[in-house]
Amino acid sequence: MYKIAVIGGDGTGPEVMAEGVKVLKAACQAEKISIELVNYDIGGERYLRTGEVLPESIIPELKKFNAIYLGAIGHPQVKPGILEKGILLKLRFELDQYINLRPIKLYPGVETPIKDKTPEHIDYVVVRENTGGIYTGLGGISMKGTPHEIAVQEMVYNRFQVERCLRYAFNLTKKRAKKNTLALCGKTNVLTFVYDLWERAFHEIGAEFPGIKRDYYHVDATCMWMIKNPEWFDVIVTGNLFGDIITDLGAITQGGMGIAAGGNINPEGVSMFEPIGGSAPKYTGQNVVNPLACIMAGSMLLETLGEIRAASRIEQAVQKTISGHMKSMSAGKMGTGTREIGDLAAKYAG
Ligand code: IPM
Ligand code: MN
């Protein structure tokens with residue numbers, strides 16, 4: 001019996017989550033896995049109503065679950081940063097979800113904006129470090145509002161954070177057993193402290209994995225090659241900020257935010273799965289947003305729990321839904337509605 005915390009969140013989050021839950025339940029029922037879902041009302045609406053961002057009691061409660069399933073956080077009436085830092089980043093940090101796992105996979109029948117690239121060219125995973133770097137939040141502002149104002153935001157990493165992330169990435173590359181290649185994405189030509197640490201640790205830990213080839217790319221070049229030669233990649237490992245940026249680029253190459261899922265993973269604790277696209281408030285309540293990213297996040301959730309068969313049921317159901325029924329991955333252009341896609345995927349997963 002698995003206990004799963006469900007946070008629909010803001011904007012279209014609850015809509016895609018309703019479909020994600022539908023499909024998750026169907027796959028679990030088919031595999032005779034029992035799950036208990038507990039809903040949490042967290043997000044912008046609650047904040048506007050009560051002034052509460054994330055009630056303190058919630059973190060210890062969430063630690064008792066087997067996984068967390070999250071829709072989206074972000075509200076147009078709330079100043080940027082309050083909910084993102086107060087909820088999403090806080091959960092990632094407090095639950096020590098030190099890996100953000102973001103597969104970039106082009107499914108058959110999905111259109112990519114990259115000319116001449118097909119599913120065989122786009123199938124890799126980004127391992128984004130998820131608790132450190134510039135997201136640590138160290139820094140400050142002085143002389144605010146004056147012409148001499150100073151703003152500092154530090155990119156902070158310690159060896160421990162870098163090492164555990166790299167080790168996870170090497171092990172994942174080994175487990176995938178595809179190209180057996182791990183690429184470090186950095187910026188050793190400018191960030192000569194932080195990415196020097198990453199690069200040294202990369203080669204030192206890499207020596208423990210003789211079967212894994214090591215590549216290095218600067219982050220700007222990584223962006224170029226993700227478009228020009230995505231087939232070079234197997235697993236990319238990188239720091240928090242670069243990982244954030246390159247996974248939006250990656251998402252667009254796999255058909256867009258409507259299909260891109262991710263997992264905030266604590267391999268020793270509670271992990272949290274989400275569509276990476278955000279709350280898309282302008283589409284709220286119209287039944288036009290694509291639930292597949294959220295549905296795929298459910299597949300990643302089950303895979304992380306070790307329920308491989310149920311996870312691949314969902315992935316196959318998503319592929320059938322795409323090839324049989326969808327014109328596009330983009331909101332409003334899918335040729336069918338949010339709920340209808342959820343119904344189809346649930347039917348195929350069941
Ligand atoms: C993501 C998002 C978040 C991030 C924001 C909403 C804080 O862009 O999950 O990629 O920067 O990590
Ligand atoms: Mn992002």
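Tutor: In this predicted model, a polar contact is a pair of N or O atoms within 3.5 Å.

Student: Which residues surround ligand 1, and how many of them are charged?
Tutor: The residues around ligand 1 are Glu84, Leu88, Arg92, Arg102, Arg128, Tyr135 and Asp244. Sorted by class, this shell holds two nonpolar residues and no polar ones, and its number of charged residues is five.

Student: How far from an oxygen atom of ligand 1 does a polar side-chain atom of aspartate 244 lie?
Tutor: Arginine 92 places a polar side-chain atom 2.7 Å from an oxygen atom of ligand 1, and for arginine 102 the corresponding distance is 2.8 Å. For a polar side-chain atom of aspartate 244, the distance to an oxygen atom of the ligand is 2.9 Å.

Student: What share of the area that ligand 1 exposes when taken alone does the protein bury?
Tutor: The reference is the ligand by itself, for which the exposed area is 320 Å². Of that area, the share buried by the protein is 77%.

Student: Which helix gives the most residues to the shell around ligand 1, and between which domains does the ligand lie?
Tutor: Helix H4, spanning residues 82-94, gives the most to this shell, with three residues. Since residues of the shell come from both domains, ligand 1 lies between domain 1 (1-97 + 270-350) and domain 2 (113-253).

Student: Which strands stand at the edges of the ten-stranded sheet?
Tutor: The sheet is open, its pairing is mixed, and its strands follow the order S2-S1-S3-S12-S11-S4-S5-S10-S8-S9. Two of these strands have a single partner strand each, so one side of each is left without a neighbour in the sheet, and they are S2 (35-39) and S9 (213-218).

Student: By what angle are neighbouring strands of this sheet turned against each other on average?
Tutor: The direction of the strands is ignored in this average.

Student: What is the bridge partner of alanine 67 in S12?
Tutor: Strand S3 (residues 67-72) pairs with strand S12 (residues 271-275) in the parallel sense, over three bridges. Within S12, the bridge partner of alanine 67 is serine 271.

Notes. Residues are numbered from 1 along each chain as its sequence is written. Chains are lettered from A and ligands numbered from 1 in the order in which they are written. This is a predicted model: local features need pLDDT of at least 70, side-chain atom pairs count only at pLDDT 80 or more; totals for chains, interfaces and linings use all residues. Side-chain values use heavy atoms; hydrogens and water are left out. A residue is near a molecule or strand if one of its heavy atoms lies within 4 Å of it. A polar contact is a pair of N or O atoms within 3.5 Å; within protein, one must be able to donate a hydrogen and the other to accept it, and residues adjacent in sequence count only if both atoms are side-chain atoms. Accessible areas come from the Shrake-Rupley method with a 1.4 Å probe; for residues, only the protein chains shown count as cover. Helices (H or I, at least four residues) and strands (E, at least two) are DSSP runs, numbered from the N terminus. Ala, Val, Leu, Ile, Met, Phe, Trp, Tyr, Cys and Pro count as nonpolar, Asp, Glu, Lys and Arg as charged, and the others, Gly among them, as polar. Domain bounds come from an automatic or database domain assignment. Two strands pair if DSSP finds at least two bridges between them. Axes are lines fitted to C-alpha atoms, for helices over the stretch in contact, and angles run from 0 to 180 degrees between N-to-C directions.
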